[in-house]
Structures are given as structure tokens and as C-alpha cells.
Amino acid sequence: MSIVTVQLGQCGNQIGFEVFDALYTDSHCPQGLCSKRENEAYQASCKERFFSEEENGVPVARAVLVDMEPKVTSQTLSKATQSGRWKYGQHSCFCQKQGSGNNWAYGYSVHGPRHEESIMNLIQKEVEKCDSLSGFFIIMSMAGGTGSGLGAFVTQNLQDQYSNSLKMNQIIWPYGTGEVIVQNYNSILTLSHLYRSSDALLVHENDALHKICAKLMNIKQISFSDINQVLAHQLGSVFQPTYSVEGSCHYRRNPLGDLMENLVPHPEFKMLGIRNIPQMSENSLAYSTFTWAGLLKHLRQMLISNSKMEEGIDWQVRPPLPGLPTLGKASLNRGLHFNMSIANLVILRGKDVHSADLGGFKDSALYTSWLEPINAFNAWKTHRAFSKYEKSAALVSNSQFLLKPLDTIVGKAWNMFASKAYIHQYTKFGMEEEDFLDSFTLLEQVVASYCNL
């Protein structure tokens with residue numbers, strides 16, 4: 001089954017390129033540590049998901065590119081074509097000459113309705129090329145105007161027109177220090193609208209990605225391209241093919257559906273995060289060896305201590321003992337030491353994958369009381385190595401990991417709203433103060449729900 005990717009705004013288009021490039025590079029890597037036949041099956045499965053074949057043999061990304069300024073989309077299209085390995089479709093791009101000025105309301109209320117027909121037609125053409133549609137993967141940021149406002153509008157339209165297809169939004173959480181003065185407004189409006197129309201929100205925090213680049217990849221001058229490559233690696237480690245059942249050599253057909261089924265048991269809880277291990281520079285990799293026991297021990301502790309990378313893990317954090325009240329119900333101000341999970345999915349790729357012991361992730365103390373570990377935990381595996389790592393693990397988690405950042409962003413937006421700062425920039429494009437209040441109410445409910453796990 002195929003996934004149609006919708007890349008929105010500058011951020012969405014730059015990340016989209018890196019994601020397709022990482023998927024193509026990995027699936028055509030000869031060092032997959034598996035037989036030629038397995039490698040060919042893996043390649044075919046990746047292609048069915050993300051690429052359609054052109055007549056001259058060059059794979060074409062199943063993607064639609066949308067931006068309100070032409071610069072980034074034209075750069076993205078030409079970068080893909082110049083790679084000579086894959087490209088975007090000739091008529092897969094929609095752009096205009098005037099951006100959204102970092103204003104959510106302008107993206108949502110002006111650009112959205114004005115260009116709805118053109119954008120939805122492009123998406124429909126892409127859908128028609130799929131033999132079978134698994135769903136939509138929508139890549140966007142929250143801080144600006146086009147990705148956030150237009151992204152929310154397009155997701156809503158997809159929900160209306162393709163109500164039986166899954167929608168997963170890949171969202172870039174802005175730097176805490178801020179890129180845009182109104183980023184907290186844009187963020188709460190984006191999140192509250194997506195919560196109504198998307199099936200799952202896969203969140204990446206810029207601050208965490210930046211730390212991975214600095215501490216694990218040893219990059220001195222970090223660019224957005226470096227950050228996007230780390231992000232693309234993480235997404236690839238989740239979406240590349242894995243076996244459908246233990247011991248089978250058939251790849252699962254519906255990755256989006258399987259992911260949602262495993263991780264989103266209730267519509268109130270749809271925030272997902274990714275952690276990967278190992279992540280390191282080529283130079284460090286040459287001197288490193290890994291065991292599944294070591295990798296999974298670190299990954300489990302990254303989960304329960306809410307650490308985004310294997311460096312600087314707090315090893316003191318432990319799951320609560322049975323019978324004691326959990327820290328999960330603590331107030332936000334006391335800080336959440338233990339990260340309570342609703343559901344977790346571990347994806348293992350590489351050598352001796354079937355010897356890996358995942359018992360540590362089946363501990364009922366890690367999960368909320370209303371789901372049994374047998375329903376809350378799943379594992380996907382393949383012998384085929386991913387990227388440059390002989391053994392690697394990814395964890396997709398529906399947990400309390402975003403509680404603090406979400407509470408902070410809602411708090412900052414509320415402080416601005418209480419003093420009526422910049423509200424006129426939004427109301428002049430048809431929004432009302434009531435719309436902000438609705439967003440605050442919905443997100444405060446989300447915070448409370450995750451807090452009370």
C-alpha cells in the first residue's frame with residue numbers, strides 16, 4: 001500500500017526532500033547484511049510505499065509540494081532531479097508569489113480557501129496513481145504561517161474528502177528560544193486544529209534534534225540541512241519495510257495503519273515521538289560495536305527518563321513500584337521524572353535481530369493501568385540493516401514526553417493573549433478571540449489527559 005506525502009511550507013519541503021533521499025539511499029544500499037533476494041523484496045516494498053516508476057526508470061516520489069513562495073519548492077525540485085537517482089513528479093508542485101508572513105490566520109483563512117481546489121486536485125492526481133492508498137503523511141512546521149495555517153486547512157480537507165484514509169502529521173516543534181514572535185499562537189492554533197482532523201501527530205522538537213547534531217554527530221556549525229538529515233534518518237528507521245510477523249519473510253503492507261493500530265488506542269491521545277539508537281558520526285562508528293542487550297537497555301532508559309538521545313540519560317529514574325501512587329499524576333510544576341507510556345512500538349533492524357530480548361519493554365509498570373502490556377507494546381523486525389548501522393533500534397512512543405513543552409507553549413500563548421498582544425494580526429483575517437479560547441480549552445484538556453495517565 002502506498003503513502004502520499006504532502007510537503008507544506010519551507011520547513012515541510014526541505015524535510016520532505018531529505019526524507020525521500022534517505023529512503024532511496026537506504027533501499028539502494030548494497031550493504032543491507034541480507035541476501036540478494038531479501039534486499040530486492042525490501043527495495044520493492046519501499047518503492048511501493050513511497051515512489052512510483054517513471055518510464056525512463058527514474059523513481060518519482062509520491063508527493064505533493066505546496067508553498068506560498070516559489071524559492072524553496074524550486075530548489076527542492078531541482079535538488080531531487082540533480083541527484084539523478086529519484087525526482088518529484090512534473091506536476092506535483094503548487095506555489096505562489098506571496099507568503100503567509102508567519103501568520104497562521106493568513107495561511108488558514110486566506111491562502112487555504114483561495115487555493116483549496118488547486119491543491120486538492122494535485123493531491124487527488126497523486127492518489128489516483130496508487131494501486132492502494134494507505135494514507136497521507138503531512139510534513140509541516142508549527143511556528144510559521146504556511147506550514148502551520150495552510151497545513152491545518154489542508155489536513156481538514158483531507159479528513160473531509162478521504163475520511164477512510166489515515167492522516168499522520170509530522171510536526172516540527174519550534175525552538176524554545178523562539179524563531180518568530182507569534183510562534184506560540186501559531187503553534188496552539190495548529191495543534192488544536194490538527195487534534196480534530198488528524199489521526200496522529202508525530203512530533204520532532206528542534207531543540208532535541210539540535211542537541212543530537214551537536215553531541216552525537218559532532219557537527220560544529222549546525223545547519224537546518226544537518227537537522228533535517230537527522231530527522232529523515234529517524235523517519236526512515238520507522239517507515240522502511242519490516243516483516244509482517246515474527247519469522248516471516250514478507251514485508252508488512254500497511255505501515256501507517258499498523259502504526260496507528262499499535263500506538264493510538266484512544267483519540268484523546270495522539271502525540272507520538274521517536275527515539276533512535278545508535279546515532280553517531282561515521283568517524284565514531286568505525287570504533288564502535290553494539291549488542292542488542294546494550295542498545296535496548298539504553299533505549300528503555302531513554303523512554304522512562306524521557307531522554308531524546310543516549311548521551312546524558314538519567315539512570316536514576318525508575319518505574320513506580322506497584323501499589324504506590326505514580327509520579328505521572330504529579331503536578332507539572334513538580335516535574336515529571338518518570339515518563340508514563342500509553343503504547344510503545346520498537347523497530348529493530350539488522351544482524352541477529354531475532355535474538356534481541358524485548359522483555360524490558362513489556363513491564364506493566366511502564367504503562368497506564370487501562371492497557372495491558374500485551375496490547376500496549378509491539379515490536380517490528382527485519383534482518384535488513386538500516387543506513388550505516390549493523391544493528392539499530394527505533395522507538396515510537398505515545399507517552400507523556402510532550403507534557404512539559406506543550407504546557408509551556410500554551411502558557412506563553414495565554415500570557416500574550418491575556419494582554420491582547422498581536423491579536424489584531426489574526427482578527428483582521430477573519431479569526432475571532434473565541435477561536436483562540438477554543439484552542440486553549442482543547443489543549444488544556446490534552447495536557448490534563450496526559451497528566452492523569
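The model is a predicted one, where local features need pLDDT of at least 70, side-chain atom pairs count only at pLDDT 80 or more, and totals for chains, interfaces and linings use all residues. Residue numbers run from 1 along each chain as its sequence is written, and side-chain values use heavy atoms, with hydrogens and water left out.

The largest pocket has 33 lining residues, with Glu 205, Lys 211, Asn 306, Lys 308 and Pro 405 nearest its centre. Two or more residues each come from helix H6 (183-197), helix H7 (206-216) and helix H13 (403-418), and H13 is the top contributor with 6 residues. Helices here are DSSP runs of H or I with at least four residues, strands are runs of E with at least two, and both are numbered from the N terminus. The volume of the largest pocket is about 760 Å³. A pocket is an open set of points on a 1 Å grid over the protein atoms alone, with protein on both sides within 12 Å along at least five of seven lines, while a cavity is a set where a 1.4 Å probe fits but cannot get out; lining residues have an atom within 4 Å of a point. Points are joined across faces, edges and corners, and a volume is the space filled by probe spheres set on them.

Turning to the cavities, 4 of them reach 30 Å³ or more. The largest cavity takes up about 110 Å³, and its lining comprises 6 nonpolar, 3 polar and 2 charged residues. Strand S9 (200-205), H7 and strand S10 (271-277) each give at least two residues to this lining. Glu 205 and Lys 308 line the largest cavity and also belong to the residues nearest the centre of the largest pocket.

Helix H1 (9-27) gives the most, with 4 residues; strand S7 (133-141) and helix H8 (224-239) each supply at least two. Phe 20, Phe 50, Phe 137 and Phe 239 are among the residues that line this cavity.

Val 396 sits in strand S13 (residues 391-399) and counts as buried because its relative accessibility is 1%; buried means under 20% relative accessible area, exposed over 50% and partly exposed in between, with a 1.4 Å probe and protein chains only. Leaving out residues up to four places away in sequence, Val 396 touches Leu 202, Val 238, Leu 263, Leu 272, Gly 273, Ala 343, Asn 344, Leu 345 and Ile 347, where contact means heavy atoms within 4.5 Å. Lys 308 is 88 residues from Val 396 along the chain, and their C-alpha atoms are 12 Å apart.

As for the whole protein, there are 15 helices and 13 strands, and 58% of the 453 residues are buried. Of the contacts between residues at least 6 apart in sequence, 80% join residues at least 24 apart. The C-alpha atoms fill a box of roughly 65 × 60 × 45 Å along the principal axes.

How values were computed
Nonpolar A, V, L, I, M, F, W, Y, C, P; charged D, E, K, R; others polar.
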